[in-house]
There are 4 protein chains.
Amino acid sequence: MKKIRWGMIGGGKGAFIGGAHRIAAKIANSYELLGGVFDVDYERAKEFAEEEEIDPRRVYPDIDKFIEGELGMPTNERIQAVTIVTPNFLHYEHAKKLLLNGFHVICEKPVTLTSAEAIELQKIVIEQNRVFVLTHTYTGYPMIREMRRRIEAGTIGELQRVEAQYLQGWINPIIHGEEGKLAVWRLDPKVAGISSCMGDIGVHAFNLIEYTTGLTVKQVLAVLNRLKPDNPLDLDGNVLLKFDKSLTGVIRSSQIATGEENNLQISVYGSKGGFHWEQENPNELKMFHEGAPFEVIKPGYGYLTPFAQESFVLPPGHPEGIYEAFGNLYKGAAKAIRYEQTVPGQFPGIEDGVRGMKFIEAAVASDQAGNVWMKITG
Amino acid sequence: MKKIRWGMIGGGKGAFIGGAHRIAAKIANSYELLGGVFDVDYERAKEFAEEEEIDPRRVYPDIDKFIEGELGMPTNERIQAVTIVTPNFLHYEHAKKLLLNGFHVICEKPVTLTSAEAIELQKIVIEQNRVFVLTHTYTGYPMIREMRRRIEAGTIGELQRVEAQYLQGWINPIIHGEEGKLAVWRLDPKVAGISSCMGDIGVHAFNLIEYTTGLTVKQVLAVLNRLKPDNPLDLDGNVLLKFDKSLTGVIRSSQIATGEENNLQISVYGSKGGFHWEQENPNELKMFHEGAPFEVIKPGYGYLTPFAQESFVLPPGHPEGIYEAFGNLYKGAAKAIRYEQTVPGQFPGIEDGVRGMKFIEAAVASDQAGNVWMKITG
Amino acid sequence: MKKIRWGMIGGGKGAFIGGAHRIAAKIANSYELLGGVFDVDYERAKEFAEEEEIDPRRVYPDIDKFIEGELGMPTNERIQAVTIVTPNFLHYEHAKKLLLNGFHVICEKPVTLTSAEAIELQKIVIEQNRVFVLTHTYTGYPMIREMRRRIEAGTIGELQRVEAQYLQGWINPIIHGEEGKLAVWRLDPKVAGISSCMGDIGVHAFNLIEYTTGLTVKQVLAVLNRLKPDNPLDLDGNVLLKFDKSLTGVIRSSQIATGEENNLQISVYGSKGGFHWEQENPNELKMFHEGAPFEVIKPGYGYLTPFAQESFVLPPGHPEGIYEAFGNLYKGAAKAIRYEQTVPGQFPGIEDGVRGMKFIEAAVASDQAGNVWMKITG
Amino acid sequence: MKKIRWGMIGGGKGAFIGGAHRIAAKIANSYELLGGVFDVDYERAKEFAEEEEIDPRRVYPDIDKFIEGELGMPTNERIQAVTIVTPNFLHYEHAKKLLLNGFHVICEKPVTLTSAEAIELQKIVIEQNRVFVLTHTYTGYPMIREMRRRIEAGTIGELQRVEAQYLQGWINPIIHGEEGKLAVWRLDPKVAGISSCMGDIGVHAFNLIEYTTGLTVKQVLAVLNRLKPDNPLDLDGNVLLKFDKSLTGVIRSSQIATGEENNLQISVYGSKGGFHWEQENPNELKMFHEGAPFEVIKPGYGYLTPFAQESFVLPPGHPEGIYEAFGNLYKGAAKAIRYEQTVPGQFPGIEDGVRGMKFIEAAVASDQAGNVWMKITG
């Protein structure tokens, strides 16, 4: 099958996240990287292209040149899909231009800096009928997909309790370091948006809750912690959730949980059973039953739902990791691009971006208003 | 050394919790059970006494007779300490009578049904100069004690994040069972007090947070869930915490987390490191460090603080469990009774009872007032 | 019910293992400690008795006096059962005298120093029709008992592979310490017998294999390691096992696995499934199934076999530990003593002692003969 | 940097292991797949090439045509390195032809069917001065590499005990299935060689022991189990190891440990500490210390040795899996090919292949000779 002609904005030499996208695309085995705007420094961009054996004529100095150049190519040679891995504050502008010119877009999180921008992108995605992928990578793990399908099928009954945590500690040495360290871009609202902890990781927990349970969070009540008065952004917080149903929900998140690495966990309990999953040990899904031993579900087995089965290639006991989860999103995107048909759950889309931005805004607003309930509409 | 002359109110034949107290007292190796009011059914009480080879003359039909009978004995034969394992709504009355008549008291949780009652008991405890033990058993685990000492010593720096969970699922089949099942005493406010989940287990999480961190919770904001409209009491909830310091705190608790057994966990993070402990695997304490491997601290070693060392008898790798934790409270009580001197942390006291009742009341009030902050004074 | 009148030989003041026996007996709630030979130092023995409030007239200076004194008592006051916690080389003599004089015996492991002595004791036990308990404590864990019953019931089919490990590290600092340290009694053949590692802990692994599988080891082939040429006893080794069936078996054991505490594990696989259990986390039993998720079986549930149910008192999620396992042996012994009827599996008996001694002798002989198969008969 | 011109023998459409090699090569980001003999069915080979967008002129019907075709290309276009993923019995012939014609070779395990063949290949590798990679994938895990470096540096002192297990259950349903199932190629000696369990997985455990400890196994004593008399090959076994030093070693391996997936574990203990690692949770390495808490070492940290650091790309807490371990071997091979310099440990080579074949032969011979010690020379 022909590979999808693929480009990147950002993500060149030395960009960790760009490399991750390329590995994910390779694992998906459906993309060929043909060009892009790999770096703000054009010379570095060309060096990168040479290393990757990319035609230098398709290395562009900026996004406008990229669009001009590619639109000048015959349609059957033109880049079809573009991955955006630029700094957060540029996502909106880049995605908008690409979508309006007919490119499919794979965009790093957060989709934009505001929900208004995200809503605008959503309209464009629909009007242009383009594929838009937001890389909430954790939805690509096979055990998360199994959990989604089993909850959908009612295996744990009516939901009664939902919670997720996302604990990291990496900002701890920064916030306690010398003064200058506060200048890290993640703590600069102009670049990072209105939230650090909720915007960067809390939103993953939020997305995972809506992804696995199929529920919609209606209101949030947040307490956020900036730790130091001169730090403009939250580093830590707890967010209570309201749904339509009679259940409690909570998201706990931190970037100053010293010693924690990337400790994303989700627990969902219903009237018949429950699930517990931990990202740092992603190939195990605990399933609780009323009055029976708990089971540990693992990938690679015939007993899994088809969605989980197709999300794991190796035999049982061969650990796949986050690259493979990421690759699953790229695989889903490839199907959607090739067959012009999107199966729900195969990848997070612009609607997840809109939801996420609304969550972040509501959480920050709730905290600023003195920890009151804030609605998330739509 | 002479055993402490010991009695019980409640806890006779077939009473699971009474048996646990007796095993704890035996492990402490400092108590001799001489008499009590073992059962509301006097015949059953006498049968129990016979089985336990207790002098039938010291089996009393009610607490007044108990007090009368024991006060009639010479002081060097009289029962010194009494354990109360009657239904919750009787704790206050029984404790009050015993204290006023000079007995030391070991009381099951909750100490009373209201904070007002607890405060009254506190005054009496002080006036009478008696030992009062509230059996927050989890404070007896050696690894919890090690955590307390290490936080006290500043090993993880300034605290930044505190959280605890207590998840159970045992009420799930009851709440979904036939109508009559709602009549379980734990869901009857007259017997159980104003809260089920927070009153029974959330308060343990609260106690553990104050015990290990040395912090005082100043305010709470709670969302509680009764699951069904005709159920008067909370079965599940999340409670946000405010302290004096700039840190976030949260307690999550449930009796309808289907499949969970007795999943009490606590995590505390500071500027230099963190701790994580799980009750169902109580002999491991994870200690996180900034930029270094995490350690797993286990009991039985010379590297532990003296408090943790004296709270574990066996060599490393020989699992002690909840009976031994319970026994540690009885050991602490025995020292306090014998030497008339109480070392802080050896057992939870009436002040923990007061704090706990205030927590429960504040959590319920916060929920009823629409999830607003409620102060916990004193 | 009347408590069993109980005595001890050894185990007085400061004897860790004596204390463990007393706690086990207390947990069993069926024994009253009335007298014994608590110490070689008679003064210390009397001090101990005073602390424990034992009648000083029943504190004896040696075993002969003990027997004489107790036989002089009316039968309904005489001590019925005696626990032996003297040094290894005295077990045989003490057990023999007690049995021949009509006492039931609870004996620390190893039962004797040779299989010949054990066989002699076995004859006496049968002739005298006395209860004899050998404290292979690990057989008292509820999950081990569940495993035994399930294998018996064929839930994992025909057995195909059996293995156990018992890894400790505590001799490491001794063997590498100053010369004098080699003088530790465990490394003195006169006191400890012909083997250190296999005799002290390998034999537990052996016992656990025969206990849980119901199989009989027919031959062993051992490689033992003394680490240093001047050390007379093995500190480490691997022992291959032959059964009647076509399956492989192996025991791995060490006292110089530096950093290991008391890491006893057993794994058994059959044609339909398998089991895995770890002593340091004793309340979890993994059950493997062909083509289905593995289950984690835990104590306290109605789904367990009656044997496991009666071996655990608390509700699920309340960790019981090794004292409670030990207590289960004492409970089994109490039933056997009271009802003169022994249910297989309730406690290890003299036959386990004989098997264990034969195992130790065969392992040492195999090693000395150059790692050849040695038969274990009977 | 120019990609290495790469080819494959075998591994086309539907070949799981071929796909794994391609992903590994992509993760290594240093290889371009230009041609090969992808399938015995030439039409399928061409279909595969079309899907992968490989020039059809470089799709060859057999290895001789491959060599002829590539040697006919200019040296700067000619394929440099070839991966062999044909059935086991063809490895020798294919590797030999490729090496003799100047290609670097990456070969699936087992390298050959006999040690004689492996030794012959070794000579050729040396004479031709080619890179030869044997894909013992587990040596690519960062925590295994950390363990190797730390043992090398003496962090756990003199080694005292070494053991590894490799337990799987996948042959269980085959061996118990209908008669025809025995015809699975893995149980056919002509295709699989003289051993199933030791040849397929036991040898990985052997390799991991020599890789991490730097020790050389001198003798083995094996007990193997074929389970059924009509099955020609071992499915399970235990192999005792002798080294120069005074330590014990054992390899346990099974393909009929029902329910086990890919449970490879290694434990090494020395005079100062120990290590324990499990393949199914590969990002944790337990390090034991004498008299101190054990540590859990994880990838992504600055405290690791450079070798482990360069073997893991992502930040801590982002699980990498077996593909990334595999990719690390391809990265090592790329360095060796480009710079004509091989750093020990970067990938297993032909010498590991020779050692492995000798191990397999010695284990089978030991078993057949009645479980006696067999030497492994060289």
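I began with one ion pair. The side chains of Glu53(D) and Lys2(A) form a salt bridge, with N to O at 3.6 Å. I kept in mind that this is a predicted model.

Next I asked how many salt bridges are counted between chain D and chain A. The count is six. I then looked up polar contacts across the interface of chain D and chain A. The rule finds 23 residue pairs, both residues at pLDDT 80 or more.

By class, the residues of the side of chain D that touches chain A are 15 nonpolar, eight polar and 13 charged.

Then I went to the extent of the interface. I found 36 residues of chain D in contact with 36 residues of chain A. The area buried between the two chains is about 3000 Å². Carbon and sulfur atoms give 49% of that area. In chain D, the residues losing the most area to chain A are Glu53(D), Glu261(D) and Pro319(D). Together they make up 20% of what that side buries. Glu53(D) is also the salt-bridge partner of Lys2(A).

Last, the second largest cavity. It holds about 150 Å³ of space. I counted 19 lining residues. Nearest its centre lie Glu280(A), Pro282(A), Asn281(D), Asn283(D) and Pro319(D). The lining divides into six nonpolar, six polar and seven charged residues.

Technical notes:
Residues numbered from 1 in each chain as written. Chains lettered and ligands numbered in written order. Predicted model: local features only at pLDDT ≥ 70, side-chain atom pairs only at ≥ 80, totals over all residues. Heavy atoms only, no water. Contact = heavy atoms within 4.5 Å. Buried area = accessible area lost by both parts, 1.4 Å probe. Salt bridge = Lys/Arg side-chain N within 4 Å of Asp/Glu carboxyl O. Polar contact = N/O pair within 3.5 Å; in protein donor to acceptor, adjacent residues only side chain to side chain. Nonpolar A, V, L, I, M, F, W, Y, C, P; charged D, E, K, R; others polar. 1 Å grid on protein atoms, 1.4 Å probe; cavity = no way out; pocket = protein on both sides within 12 Å on 5 of 7 lines; lining within 4 Å. Points joined across faces, edges and corners; volume = space filled by probe spheres on them.
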